[in-house]
Amino acid sequence: MFEPRRVECPVCRSATAELWRVVEGFDYFRCAGCESIAIDPRVLSDVDDGRFIQAYRENYWRDELSAAKERSYGPALARVAEVLLYARRPVRRFLDVGAGPGYLLDALSCYLPASKDLFHGVELFPPKAHTSHPNYHAGPVASLSGTFDAGSCIEVVEHLTPTMLGHLLGQLAEHSAPQALFIVNSGLPEYVLHEDPGYMDPLRRGHIVSYSIAAMRMIGAEHGFSVLPLRGKSWAYLLEYHSESPRD
């Protein structure tokens with residue numbers, strides 16, 4: 001009888017992950033503990049060493065720019081509105097983490113011109129064709145100055161290894177005010193399993209991990225973040241930094 005291949009979960013390290021699916025020649029595993037879905041741990045190790053499956057250069061952005069623009073002038077605006085609604089502190093500085101070409105900054109400037117200076121974006125791998133918004137920053141979150149009250153992280157974390165995600169949250173913590181609130185838009189395992197199995201896409205979009213709420217709570221807690229699910233959304237949740245009191 002065929003015995004499914006098993007590995008130590010590369011996300012939580014505390015349970016066994018079984019082979020879930022082979023996508024374009026890459027094995028993806030689902031953890032029996034945290035329930036995250038992740039590409040082969042050996043591939044994650046290669047990515048951590050700089051050997052990316054998907055190199056985020058001009059070829060990638062050429063395919064991604066139209067989708068990024070459509071997202072920025074549509075659902076991304078709704079995500080920003082959500083986090084502004086839910087935030088417990090006044091939002092005077094907002095950060096879009098992994099801003100890509102910065103089209104969300106352009107959309108916000110279009111619809112909220114009086115608040116243009118409130119919004120910032122940061123992108124580690126900026127395309128040549130990107131926004132001219134003055135608050136668009138090329139580089140890591142660590143290169144920013146000051147703190148932020150709220151933000152968004154849209155279609156980013158599924159590209160990151162657990163090590164990279166930990167580094168990102170560590171940098172974000174250094175630039176977050178108490179009770180800063182961030183909305184994360186990324187397909188959770190239930191989204192992948194029941195709505196879009198094709199979301200795990202190593203070669204074209206570079207999607208290598210679907211982090212569960214349990215996994216995000218584990219990783220986020222190391223950096224002072226609480227993770228808050230959004231009811232009815234299998235593709236979004238909130239991160240709140242140094243919460244002083246629990247939410248209902």
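Helix α5 (residues 162-174) has 13 residues, which at 1.5 Å a residue should span 18 Å, and its end C-alpha atoms sit 19 Å apart, so the two agree; the expected span is 1.5 Å times one less than the number of residues. Helices here are DSSP runs of H or I with at least four residues, strands are runs of E with at least two, and both are numbered from the N terminus. The model is a predicted one, with local features needing pLDDT of at least 70 and side-chain atom pairs counting only at pLDDT 80 or more, while totals for chains, interfaces and linings use all residues. Residues are numbered from 1 along each chain as its sequence is written, and side-chain values use heavy atoms, leaving out hydrogens and water.

Back to α5: P162, L165, G166, L168, L169, L172 and A173 are its buried residues (under 20% relative accessible area with a 1.4 Å probe, protein chains only; exposed is over 50%, partly exposed in between). Seen down the axis, they fall within an arc of 165°, so they line one face of the helix; the arc is taken from the directions from the helix axis to the C-beta atoms. H167 and E174, on the other side, are exposed. The buried residues pack against α1, β5, β9, α7, β11 and β12, contact meaning heavy atoms within 4.5 Å.

As for the sheet, five strands make an open, antiparallel one in the order β1-β2-β3-β4-β10, where pairing takes at least two DSSP bridges. β1 and β10 stand at the edges with a single partner strand each, so one side of each lacks a neighbour in the sheet. Strand β4 pairs with β10 over two bridges, and A38 stands opposite V209 in β10.
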